[in-house]
Amino acid sequence: MIEKVFIIEEVAPVVFYGAGNANMRMIKSLFPKLRILARDNIVKAMGSQEDINAFSRLFDKLSEHSAKYNTLTEEDIIHLLNGEKTRDESAEHIIVYSTTGKPIRARSENQIKLVKAFEHNDMVFAIGPAGTGKTFVSIALAVRALKRKEVRRIILSRPAVEAGEKLGFLPGDMKDKIDPYLQPLYDALEEMIPQAKLQEYMEQNVIQIAPLAFMRGRTLNDAVVILDEAQNTTTSQIKMFLTRMGHNTKMVITGDTTQIDLPPSQRSGLIEAMRILGDVEGIAFVRLGQDDIVRHRLVMRIVEAYERDKALRIQKAEEKEQSDKKDNT
């Protein structure tokens, strides 16, 4: 009799074992000649070499599927055993699965364009108003690349620019001061990666979250690198960030040109980059609009109201300018 140990590494054991250990019961029924023991993230199988080899092949398929989609059902086990596609593998526009098994997919035409642009380009700019999913979809794409072992790490960054609050007056040390700026990135990751695994990734620097200033001097290889809120970078900052790109690296730069928090005297680096890099091969620009807003329906109404107000103010300014010209003549 041979004994072999298998380790569940890329997904929470509860996902692999199923609710009430339903998946494990089915797996055991498929290999009646094996003695299979499961505890925590360790699975032991004892039996003949032939049966162990068959179990090992299925275990690898189940591990890959559960890590990729963050879900595993009894139906999936049967499909994988028979070499068939599972429901998740056949579904369209699904990027990854949340920690609750909910599919995270591209939900609008421009989000689908963002996914395709990421697949075919090494650098992508995603530009659009609040709520269009540009950051969330970008992080989902990064998590998918990590799960597929296409990259070894994810690096997420934001400029620490005050939007009404002063950084120096926040309590705590530098990490405590900066973390509030990075919290939206933590929120997205926590929805896609189990808490224990996320903590492990961060401790091992597989996932790094840092303010933009910490990028200087680095060369970023084998990674998906995301710069969020890029409208709040200066020209020199965004140039510094873009030139950090190393071997086997993809970059996604997200921003909203209507929410610039820089001092009036400083020009947004994102706007400059859009102008300078527009025709560079290998760089894609995806513009998201009001139709792509996937938050609460009120978000779309709020964005529309601000757009109407902006248009009205521009119109009044133009009318005043024309009136002043007439008065001067």
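Reader: Which strands does helix α6 lie across?

Author: This is a predicted model, in which local features need pLDDT of at least 70, side-chain atom pairs count only at pLDDT 80 or more, and totals for chains, interfaces and linings use all residues. Residues are numbered from 1 along each chain as its sequence is written, and side-chain values use heavy atoms, without hydrogens and water. Helices (H or I, at least four residues) and strands (E, at least two) are DSSP runs, numbered from the N terminus. Helix α6 (residues 109–120) lies across β6 (123–127), β9 (223–227), β10 (249–255) and β11, and runs at about 170 degrees to β11. Angles run from 0 to 180 degrees between N-to-C directions, with axes fitted to C-alpha atoms, for helices over the stretch in contact. Helix α10 (residues 235–242) also packs on the sheet, where α10 touches β6, β9 and β10 (contact: heavy atoms within 4.5 Å) and makes about 155 degrees with the direction of β10.

Reader: What is the strand order of the open sheet?

Author: Two strands pair if DSSP finds at least two bridges between them. The 6 strands follow the order β8-β7-β9-β10-β6-β11, with parallel pairing. At the edges are β8 (207–211) and β11 (283–287), each pairing on one side only.

Reader: How are two packed helices described?

Author: One gives the angle between their axes and the distance between the axes. Here α2 (residues 22–30) and α4 (residues 74–81) pack at about 35 degrees, their axes 9 Å apart. Among the residues that meet are Met26 and Ile27 in α2, and Ile77 and Ile78 in α4.
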